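Please examine the sequence and the model shown below.

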Amino acid sequence: MEDADDDIAVIGIGCNFPGGEGLDNFWRVLLEGKNCVVDIPPERFDTTLWYDADESKPGKTQTTKAALIEGFNEFDHRFFGITEAEADFMDPQQKLLLQCAYRALEDAGIAMESISGSRTGVYIGLMNRDYEILQSNSPTTINHYNGTGTAMSVAANRISFIFNLHGPSFAIDSACSSSLVGLHVACQAIKQGDCEMALCGGVSCILEPRVFIALGKAKMISPDGTSKPFSSRADGYGRGEGCGVVLLKPLKKAIKDCNRVWGIISKTAVNQDGHSVTPITKPSMTQQEELLRRIYSKSDLANVQYIEAHGTGTPVGDPIEAGSISNVIAKAQPPGSETLRIGSVKGNIGHTESAAGVAGLIKVGIAALLKHWGIKPDAVLGHSVGEVAAAHCSGLLTLEDAVKVLYHRSTLQNKVTGGKMLVVSNVAVEKVLKILPEFAGKICVAALNSPQSCTLSGDADAIAILQEKLKIVFAEEHLFLHELDVPAAYHSHMMDPILDDIEKSINPLYAKNKECQLFSTVTGNCYSDGDFTTGNYWAKNIREPVLLEQALHAVTKDKHSKTNVVFVEIGPRRALQRNIRETLGNNTLVLPSVQPEKDCNTILSTVAKLFELGNSVDWHQLYRGCETSPTEFPVYHFDNTKKELNFEAVIKGAFYVELAYASVMASLRPKKPISLLQLSVRFENLFALSSNCHQLKVTLEPVTATAKIIIPGAVCYSTNKHPMLKETPCVSYFILAWEILQRMLSKVEQQYRRLIIISSNSASALMKVLALSANRETFQLSRTNKRHTDADDESYFTTKMVQQVVLNQTVSDRPVSDIPFLPRSGKLFKQSSVYIVTGGLSGLGLETVKFIAHNVGGCIATLSRSALTDEMKFEIELLQKRYGVTIMNLQCDVSVSMQVLHAISMIKQKFPSCPIKGVFHSAAVLHDALIENLDESLFRKVLQPKVCGALNLHYATLHNKLDFFVCYSSISSFIGNASQCNYAAANSFLDSFCHYRRNLGLAGQSINWGPLNLGLLLNKDNFQQFLESKGMMVMDVCDVQQALETCLVMNRPQQVICKFNFKNLHIHVLSQNASLRERLSGLVEMELKDYLNNEPRVQHLSSPHESVRRIVSDIINVSVDELDDDSTLCGLGIDSMLAMTLQNKMFQETGVNVPLVKILDPNSTVATLACIVTNG
């Protein structure tokens, strides 16, 4: 034990857990053994859309239940001086923390005024980001409050800000241990003098289903939503939510100040499993034992009476935890020590994750209180699985052996499903037993509870028939029938298949000295050798009937008077009280440990009654910490406002296409058939459905039809193979002549040399075009001596006659040329061709796969370093079914040439009759840092997938006639980025390489993508906002595919696709970069000029005073009538961020630019603003 001078006292508690707000409600939940799991309501999320019992279904959760708090998202924002405008964008977790922090101070009797300015620290455990995730789904609603409203750091900082606390303040995310790690850090900070007190706690709220899905895939979630700590029925944990905050203070100071002490923290410690076990989610028994040995000295072990364990209810975690506690603590206690109790609050309120530790802490000895308060039993007995607890409580079985029994018992029983169990009461059991021979082999007696009650177990159909028969036979009696909600028919023949395994797996067990009498409900008698300590006994425990009635008689057999026997029922509810009285008489005293709606009075009344009957009570333990408790005072009742969390729904583009089409068809005059219409929809920005009204504007623009001549690629080949070309004017002659002369004449002139073009036919039409186009002074025709003997070898370059092209009739003897149009197919991709996409399982690569599939590219091959996940496999299968394409997924590192060659070989084997016609290279790796912090390895890491990948793909497909070789570059190589010089270099190579391929006559396109809400940038709100401040707005998925199609159609060697904020680009980038300013200034100035010309003019529709009041009321979400002209702006909650919003809004609506310093002046009022606007 550490020096008592260092002990830390818990002097205040504030909590809101499932079952009700406040400590009294939490206490009641624990005493009643209440399970607070409920159906997840639609206000959180629609479980009908997310639930599927089949765990193989991607994107589905296997439970619809959780333990949820009451009054979710209710908040008294005015009490804490927060505007409604800001409160609307606060994570509900922040609201809970503020209210629970206040309750902790209130519980400690500390006024907000007295703690203000103190060195009080704030340490908050927080891990879930549901609210932030949902907010990021609606980028159009993001404002300056989203940052503080969702930031983990602000969750702690806001408490310090509201209560004016000057100690350390931060949030901790160490997953489920967050709040206890926060407790550890807080205690250390108090001991070393960083703070004089500390508010410490944790919070977790459930708003959306994605965590449920992940837990389901990991097989960690309980289908019924209930955690069953250390239970044979443990099947994963049930999620819960809530918040708990405790106020810590040095014990010596707390005693001196006469604070009420809820509990004492003597020592804390933290460690990590490292790589001692795999996978990362599995706990390590070795590391748990190491931590326990570090925290408990030998002298401590004898005093340990109860451990509030993690106990999530997972079949893997619980046995490990129980085993480590047994090995270090239970086994080290001296002979004759009291039985060590363990428990977990998660059985009541679920696993509250980052708030789980503090929930267990607040539970400081209110479980297993009877033994802690000095009350010891003379005898114990258990019902069914309760026998394991009875054997351990008596001292016969160690904790390790008890856990061993529970583990194998539950694991094997879970293999058996089916059947039903039926409780039959209010009728003589002997009468019921006379009916059972009719159901021999189908129904067994599971429990003989009393002369008037039994439990039957067996085949479901047989139980159903028996139930109807009992209703008829005992129609005249007050028959009670109840089907138990269990997955299998226990204590029946349905257990027979697992009996041998039960016996083998549980042996051997080792008997210890009993501390009290132990009775068996398997034999119905007092313990004898072999009972409870063999596999054979536990096989009988699950197969034979529970002989509760007989065991109760055995307990009282040697007692002089049954009236001297007192039973205390330990359990979550009063299940056996009636059976005990029916067996031993109505005068038998049966005391409950819980009683609904009677709070802590139940267990205290039981203690008082036991003391009255002569049992010893350790009053010192009972009243420990409450000797000098302050007088309680009425608590403040928060004036909460309920806020619904209405997150905007982003609707697919097809919805708006349908709306636009319906609008056009309804308003078109004159009416026209659909076949004559072509509808084009352009999205200016993301449009979302929400509670606010939006207007969709559809503009119909008549477009004059135009025709285009597309010169086929076959133009350079023999006209014998393409006879239709003989009648088609070769427009390309003029282009060829221009190219030849433009490129060569300048060189010839510089060197004072003559240009000589050699042709096998100097009289060809091309030579004539060249002759007419060139400068005659530098042009000379020459013929080769070679003669053509093949009369059919005529091409566009040797033919002598070309029909004149007449596009407009101006002279009567020159008719307009009859030009046969060769219509374009309109399809980018071919059904019988293969298209390769690198990095095709995520981000831009995956969007490219979808794009090719949507445009009927028949065969697609993805190359990725990552293996195909189940979710990705489902999405790929969906694409194949939807578009009728075939998608092949190969695990390949494109930076390794041998892997690329092997992948190409596999593709050819898969699609032997389909040529490779396109390559889309999107593989990328990032490692951002300033150039002085980059070494060669970090350059290689980033360059390899792009540079080596492009080269390997180039050589591997060089013999293929590709339609596309598209490299996904970045705007970083176009504009530059100080922290991405390696990435910019890699992309710059791709740009140059595509130009190189074009010069070779090969397909090649480099697309310099701007920031996209995909892959590396997906939902990175802070980074996206930073980019926008630099002038680059993030493009959404709907923009990407349209831009890609445009690029492929334009087919330029290099294209930049970026959504610019030209004002930010001009102010924050071009003003500081002369090179970029020179390149982009023309474009930026043109865009800004258009913006300024189109800026709406200010209209003064109301008086300045009315305008100011309306603007202020809109910003702080307060009715205009509630505004007082003399109210200070800071008093209304207008901080620096709101001040900028107010300044902009007033300028837009009044044309007056109010100085920001004036708005932030603590003396400025609403009237001050009105005066400034009036004087303009």
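The structure is a predicted model, in which local features need pLDDT of at least 70 and side-chain atom pairs count only at pLDDT 80 or more, while totals for chains, interfaces and linings use all residues. Residues are numbered from 1 along each chain as its sequence is written, and side-chain values use heavy atoms, with hydrogens and water left out.

The protein chain contains 43 helices and 34 strands; these are DSSP runs numbered from the N terminus, with helices (H or I) of at least four residues and strands (E) of at least two. Of its 1176 residues, 46% count as buried. Here buried means under 20% relative accessible area, exposed means over 50%, and partly exposed lies in between, with a 1.4 Å probe and protein chains only. The chain exposes about 59900 Å², of which carbon and sulfur atoms supply 53%. Accessible areas come from the Shrake-Rupley method with a 1.4 Å probe, and for residues only the protein chains shown count as cover.

Helix α43 (residues 1166-1175) has Val1166, Leu1169, Ala1170 and Val1173 as its buried residues. They lie on the same side of α43 because they cover an arc of only 100 degrees around the axis, the arc being that of the directions from the helix axis to the C-beta atoms. At the N-terminal end, Thr1165 caps α43 through a side-chain oxygen that lies 3.3 Å from the backbone nitrogen of Ala1167. Gly1176 follows α43 and has a positive phi, near 50 degrees.

Side chains of opposite charge can pair when their charged atoms come close. The structure holds 34 salt bridges, each defined as a side-chain nitrogen of Lys or Arg within 4 Å of a carboxyl oxygen of Asp or Glu. One of them joins Arg103 and Glu21, whose closest N and O atoms are 3.0 Å apart. Arg103 belongs to helix α4 (residues 92-107) and Glu21 to strand β2 (residues 20-21), so the pair ties together parts that are 82 residues apart in sequence. Arg103 is buried at 12% relative accessible area, whereas Glu21 is partly exposed at 35%.

Another salt bridge is formed by Arg543 and Asp496, with an N to O distance of 2.7 Å. This pair also links distant parts of the chain, with Arg543 in helix α23 (residues 535-543) and Asp496 in the loop between β17 (480-483) and α22 (499-506), 47 residues apart. Arg543 counts as buried at 19% relative accessibility, and Asp496 is partly exposed at 38%.

In the salt bridge between Glu208 and Arg210, the closest N and O atoms are 2.5 Å apart. Glu208 is buried, with a relative accessible area of 1%, while Arg210 is partly exposed at 38%. Finally, a network of salt bridges links Glu43, Arg44, Glu241 and Lys642.

Note on methods: A polar contact is a pair of N or O atoms within 3.5 Å; within protein, one must be able to donate a hydrogen and the other to accept it, and residues adjacent in sequence count only if both atoms are side-chain atoms.
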